[in-house]
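Welcome! Take a moment to turn the model around on your screen before reading on. The notes below go through it topic by topic.

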Amino acid sequence: MRVFISVNLSKEICSYLYELQQRLRKDINAKIKWVPKSQLHITLKFLGPIDGNKLKEVKMILSKAKYNKFILNLNDFGVFPSINYARVLWIGVNEEKLVLELQKSIDGELLDLFPKEEKFSAHITLGRIKVIKDKDKFKNALNKIKTEKKSFEVNEFTLMESILRKDGAIYNVLEVYKLSR
């Protein structure tokens, strides 16, 4: 089973991000595989393929740990790895240090089972870029569309299963962990 840990987003935030995707779709001259509205999230840690025993261990470890709620704000667009070789289009979050604290804490809890994350960046992937037909138009569109500083509370994180299929991944919730305070 292929597993990851994520912060799932509210319906309101997912709807807003979907609207942004639609606006971008019109304004940029690129071929992009857009992340479906129902799958928008912040990945905290990708665990990869694990067996049932390891999954039980992960669930037990995460259920004993304590984490605090926090508020995030959507930020601006970005791309990985660079604007000149863009492969992933994402939107960032303000208060990234709060997500980083949660991610580092989870990473530390699972260190006996999984390697430490080398590079973590708090972001929400909007789409995977296949081809950019006009780089200048692409850059201008990203700069032109201003995002609203929408806030959302992070009051839980989720252990997810990812089933890869030809027509895209399917996500199943395995466990939800509530944050306190």
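This is a predicted model: local features need pLDDT of at least 70, side-chain atom pairs count only at pLDDT 80 or more; totals for chains, interfaces and linings use all residues.

A residue is called exposed when its relative accessible area is over 50%, buried when that area is under 20%, and partly exposed in between.

**Helix α1**

- Which residues of α1 are buried? They are Ile13, Cys14, Tyr16, Leu17, Leu20, Gln21 and Leu24.
- Looking down the axis of α1, you would find these buried residues within an arc of 160°, which means that they line one face of the helix.
- That buried set packs against several elements: the strands β2, β4, β5, β6 and β7 (151-154), together with helix α4 (135-144).

**Helix α3**

- Helix α3 runs over residues 96-109, which makes 14 residues. From first C-alpha to last it reaches 20 Å, close to the 20 Å expected at 1.5 Å a residue.
- Its buried residues are Val99, Leu102, Gln103, Ile106 and Asp107.
- Viewed down the axis of α3, the buried residues fall within an arc of 135°, so they too line one face of their helix.
- Lys97 and Lys104, on the other side of α3, are exposed.
- What do the buried residues of α3 pack against? Their partners are β1 (2-8), β3 (41-49), α2 (52-64), β4 (70-80), β5 (88-94) and β8 (156-163).

**The largest pocket**

- The largest pocket has a volume of about 780 Å³.
- It is lined by 27 residues, and the closest to its centre are His41, Thr43, Thr125, Arg128 and Tyr171.
- Five strands, β1, β2 (30-34), β3, β6 (123-132) and β9 (170-178), each supply at least two residues of the lining.
- Which strand gives the largest share of this lining? That is β3, with five residues.
- By type, the lining divides into 12 nonpolar, eight polar and seven charged residues.

**Ile28, in a loop**

- You can find Ile28 in the loop between α1 and β2.
- Is Ile28 buried or exposed? Its relative accessible area is 7%, so Ile28 is buried.
- Leaving aside residues up to four places away in sequence, Ile28 touches Trp34, Phe138 and Ala141.
- Asn155 sits 127 residues from Ile28 along the chain, and the C-alpha atoms of the two are separated by 34 Å.

**Two backbone details**

- Most residues other than glycine have a negative phi, and most peptide bonds are trans.
- Against that background, the peptide bond from Phe80 to Pro81 is cis, with omega near -10°. Pro81 is found in the loop between β4 and β5.
- Glu95 is not a glycine, yet its phi is positive, near 65°. This residue lies in the loop between β5 and α3.
- Glu95 has a relative accessibility of 39%, so it counts as partly exposed.

Definitions and conventions
Residues are numbered from 1 along each chain as its sequence is written. Side-chain values use heavy atoms; hydrogens and water are left out. Helices (H or I, at least four residues) and strands (E, at least two) are DSSP runs, numbered from the N terminus. The expected span of a helix is 1.5 Å times one less than its number of residues. Buried means under 20% relative accessible area, exposed over 50%, partly exposed in between (1.4 Å probe, protein chains only). The arc is that of the directions from the helix axis to the C-beta atoms. Contact means heavy atoms within 4.5 Å. On a 1 Å grid over the protein atoms alone, a cavity is a set of points where a 1.4 Å probe fits but cannot get out, and a pocket is an open set with protein on both sides within 12 Å along at least five of seven lines; lining residues have an atom within 4 Å of a point. Grid points are joined across faces, edges and corners, and a volume is the space filled by probe spheres set on the points. Ala, Val, Leu, Ile, Met, Phe, Trp, Tyr, Cys and Pro count as nonpolar, Asp, Glu, Lys and Arg as charged, and the others, Gly among them, as polar.
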